[in-house]
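Let us walk through this structure together, one part at a time. Have the sequence and the 3D view open side by side as you read.

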Amino acid sequence: MNLSTSHANHQSFILTGIPGMPDKNPWMAFPLGFLYTLTLLGNGTILAVIKVDQSLHEPMYYFLSLLALTDVSLSMSTLPTMLSIFWFNVPEISFDACITQMFFIHSFGGVESGVLVSMAFDRFVAIRDPLRYASILTRGVIGKIGIAVLTRAVCVVFPVPFLIKRLPFCHSNVLSHSYCLHQDAMRQACASTRVNSLYGLIIVILTLGLDALIILFSYVLILKMVLSIASRAERLKALNTCLSHICAVLLFYVPLIGVTMMHRFGKHLSPVVHTLMANVYLLLPPVLNPIVYSVRTKQIRRRIIQVFQGRKNRA
């Protein structure tokens, strides 16, 4: 089968809602809608509070703004197909639309990982040199870090659409998730996918894997510095400023590792389990990150309470 014939037979992919239970898809519409609403409200509130409150115009909160923007962007990347499947019962997606969604999902996943590394660096500087913290991490420096993180993610993911587009597809066009992923679409090809697999592995190692090691190394250094502080109260205070970031790191990397391990070793598991884990990986961090930072960060929590109290008093 030549390339033109294969693409003629594969003008679209079929996305999967709940595997084996398509009649149950409508039941997922409202929980998913609730999660997306929480994502927009939570991250939107974080962004609004940081913009309005001058006392939050500090490096830590600028990085938190980057995280909130990334979470919203990642959620919006999956929203169109989620709505299409669960709200409108239209699981079909065109080949080009699938590739476009794939590009954005993988890019924003890379951006989120990079932002978490930047936040680890922020905590390192804050604890190592608190007096020069604001002068080291100026708005200009943070802006350059944000541009570097975005550029890296786009550059490493940029070849992926072309690597997929060159493949002939003659197997089933049914994908195993509610959105398009490189590794999922790649399995439907009827030619060698060695280049795609190798490039995907290189991306994972040089971005997510390297980022995880940098974050781990940063916290080894942070822990070493914290333990050198004489006062127990100061040690606890320093560690407390890192807890929200540690939670965000765990929320991103634990589901990611779980999905990766399941793809590698859990092929015998029910497709429903695979789908659930994949959705948790992309939907849970954007929902929970604002909650974690609102609960753990006194300044943000106080400002949110003031806003709601102000509205209540006006009412």
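Helices here are DSSP runs of H or I with at least four residues, strands are runs of E with at least two, and both are numbered from the N terminus. S107 is buried, its relative accessible area being 4%. In this text, buried means under 20% relative accessible area, exposed means over 50%, and partly exposed is in between, with a 1.4 Å probe and protein chains only. The C-alpha atom of S107 is separated by 8.9 Å from that of R152, although the two residues are 45 residues apart along the chain.

Before going on, a word about the model. It is a predicted one, in which local features need pLDDT of at least 70 and side-chain atom pairs count only at pLDDT 80 or more, while totals for chains, interfaces and linings use all residues. Residues are numbered from 1 along each chain as its sequence is written, and side-chain values use heavy atoms, with hydrogens and water left out.

Now the overall layout. The chain comes to 12 helices and 2 strands, and from the N terminus on its elements run α-β-α-α-β-α-α-α-α-α-α-α-α-α. Of its 315 residues, 45% count as buried.

Back to R152: what does its side chain meet? The side chains of R152 and D211 come together in a salt bridge, at 2.7 Å from N to O. This pair links distant parts of the chain, with D211 in helix α9 and R152 in helix α6 (residues 139-157), 59 residues apart. A salt bridge here is a side-chain nitrogen of Lys or Arg within 4 Å of a carboxyl oxygen of Asp or Glu. D211 counts as buried at 2% relative accessibility, whereas R152 is partly exposed at 26%.

The structure holds 5 salt bridges. Another one of them joins D122 and R123, at 2.9 Å from N to O, and both of these residues are buried. D129 and R132 form a salt bridge too, their closest N and O atoms being 2.9 Å apart. Here D129 is partly exposed, with a relative accessible area of 22%, and R132 is also partly exposed, at 46%.

Where along α9 is the kink centred? Look at I205, where there is a kink of about 30°; the bend at a residue is the angle between axes fitted to the seven residues ending there and the seven starting there.

The buried residues of α9 include I203, T207, L208, D211, I215 and I222. An α-helix has 3.6 residues a turn, so residues three or four places apart point the same way. On the surface, L198, L201, I202, I205 and L206 form a nonpolar patch with about 460 Å² of accessible area together. Such a patch is made of residues with over 30% relative accessible area and no salt bridge, with nonpolar side chains (Val, Leu, Ile, Met, Phe, Trp, Tyr) joined within 5 Å and like charges within 9 Å. I202, which lies in helix α9 (residues 194-227), is partly exposed at 37%.

A kink of about 40° lies in α11 at L284, shortly before the proline P285.

Finally, turn to the aromatic rings, which make 9 pairs in the structure. F30 and W87 form an edge-to-face pair, 5.3 Å centre to centre with 65° between the planes. F30 lies in helix α2 (residues 25-52) and W87 in the loop between α3 (59-86) and β2 (92-94), so the pair ties together parts that are 57 residues apart in sequence. Rings of Phe, Tyr and Trp (its six-membered ring) pair if their centres lie within 6.5 Å; planes under 30 degrees apart count as stacked, over 60 as edge-to-face and the rest as tilted. F30 is exposed at 60%, and W87 is partly exposed at 42%. F252 and Y253 also pair edge-to-face, at 5.0 Å centre to centre and 90° between the planes. F252 is buried at 1% relative accessibility, and Y253 is buried at 9%. One aromatic cluster is formed by F13, F95 and F169.

Methods
Accessible areas come from the Shrake-Rupley method with a 1.4 Å probe; for residues, only the protein chains shown count as cover.
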